[in-house]
Amino acid sequence: MSELTALESLIEMGFPRGRAEKALTLTGNQGIEAAMDWLMEHEDDPDVDEPLATTPLGNVLGQEPTSSEQSDAEGPGSTVEEKPGLSEEERQEQTKRMMELVAQKQREREEREEREALERERQRRRQGQELSAARQRLQEDEMRRAAEERRREKAEELAARQRVREKIERDKAERAKKYGGPVGSQPTPSATEPGPVPSSPSQEPPTKREYDQCRIQVRLPDGTSLTQTFRAREQLAAVRLYVELHRGEEPGGDQDPVQLLSGFPRRAFSEADMERPLQELGLVPSAVLIVAKKCPS
């Protein structure tokens, strides 16, 4: 029984002959371990079983030269020394070592693939966290812009009220100059005047007072509540937007649309109501609203 060659050992371990010959050739016949490394590395290549260009076999593939080849190489008159053959136990031991080497290479490959999978998972989670942070920054920017817009409109409203007060004061000064005399004297009303002119809007009856702000309390389905002050001329959609931004995350991460209800008298606000001012809906100066999940239409 002749000693197993590298090619025969690879075939014995279950590798196809063509693939084993290719591995030995491309690794320069550096041994079974180098050939097995190449086979494990290129196991999934689509062209792994394609034959190479015609290459002389022999020692390149790990085969022992034949007696005639040795005779030709050594010249006439030389004798060929045969190597002692392996016993069945030695052959089985050699095959066992090769199989253990294959198993070790397979384990190394699985560990490498597991590390790569863990790295991909870490990268996926990192990208998810970055996306969540970007979404949070976007929401904060939107809330900041909305707050700045409310402050600007409030400042414009205060400036307009100041201009009205100044105009009233100018009108009073002009009337005093037109009808007045010495300081402390009362002007004589003209016969054509219907009656005394109110000196300021504050003399109007309290029932005619107009509020420019309203305080809204919103009761959430989980029993908690939100309270916020809005301008009387803001639309009801601003209240719904505030609720959607502050009601917190629901299990599962999905946010269902909400519907706003008034407690008394009982009323469900429609999409058309979302475009109406709070003052027109009778929610000024304060009101309590209830949040209910919007049923899909």
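This report walks through a sheet, a helix pair, an aromatic pair and some backbone details of a predicted model.

## Ground rules

Since the model is predicted, local features need pLDDT of at least 70 and side-chain atom pairs count only at pLDDT 80 or more, while totals for chains, interfaces and linings use all residues. Residues are numbered from 1 along each chain as its sequence is written, and side-chain values use heavy atoms, with hydrogens and water left out.

Helices (H or I, at least four residues) and strands (E, at least two) are DSSP runs, numbered from the N terminus.

## The sheet

Five strands make up an open sheet with mixed pairing, in the order β2-β1-β5-β3-β4. Two strands count as paired if DSSP finds at least two bridges between them. The edges are β2 (225-231) and β4 (267-268), each of which pairs on one side only. As background, strands of a sheet pair through backbone hydrogen bonds, either parallel or antiparallel.

Going through some of the pairings, β1 and β5 run parallel and are joined by five bridges, with I216 opposite A287 in β5. β3 and β5 are antiparallel, again over five bridges, and here V258 faces K293 in β5. Strand β3 (residues 258-262) also pairs with β4, in the antiparallel sense over two bridges; L261 stands opposite A268 in β4.

## A helix across the strands

Helix α6 (residues 236-246) lies across β1 (213-219), β2, β3 and β5 (286-293), and runs at about 145° to β2. For angles like this one, axes are lines fitted to C-alpha atoms, for helices over the stretch in contact, and the angle runs from 0 to 180 degrees between N-to-C directions.

The structure holds one aromatic pair. F230 and Y242 form this edge-to-face pair, at 5.9 Å centre to centre with 85° between the planes. F230 sits in strand β2 and Y242 in helix α6, so the pair ties together parts that are 12 residues apart in sequence. The cut-offs: rings of Phe, Tyr and Trp (its six-membered ring) pair if their centres lie within 6.5 Å, and planes under 30 degrees apart are stacked, over 60 edge-to-face and the rest tilted. Both F230 and Y242 are buried (under 20% relative accessible area; exposed is over 50% and partly exposed is in between, with a 1.4 Å probe and protein chains only).

## Where α2 meets α3

The axes of α2 and helix α3 (residues 32-41) come within 8 Å and cross at roughly 115°. On the α2 side the contact (heavy atoms within 4.5 Å) is made by R19, K22, A23, L24 and L26, and on the α3 side by A35, W38 and L39. By class, that is six nonpolar residues, no polar ones and two charged. Here Ala, Val, Leu, Ile, Met, Phe, Trp, Tyr, Cys and Pro count as nonpolar, Asp, Glu, Lys and Arg as charged, and the others, Gly among them, as polar.

R19 belongs to helix α2 (residues 17-26). Is R19 buried or exposed? R19 is buried, at a relative accessible area of 17%. Leaving aside residues up to four places away in sequence, R19 touches L39, V48 and D49.

Most residues other than glycine have a negative phi, and most peptide bonds are trans. N29, in the loop between α2 and α3, has a positive phi, near 55°. N29 is partly exposed, at 28% relative accessibility.

The peptide bond from V284 to P285 is cis, with omega near 5°. P285 lies in the loop between β4 and β5.
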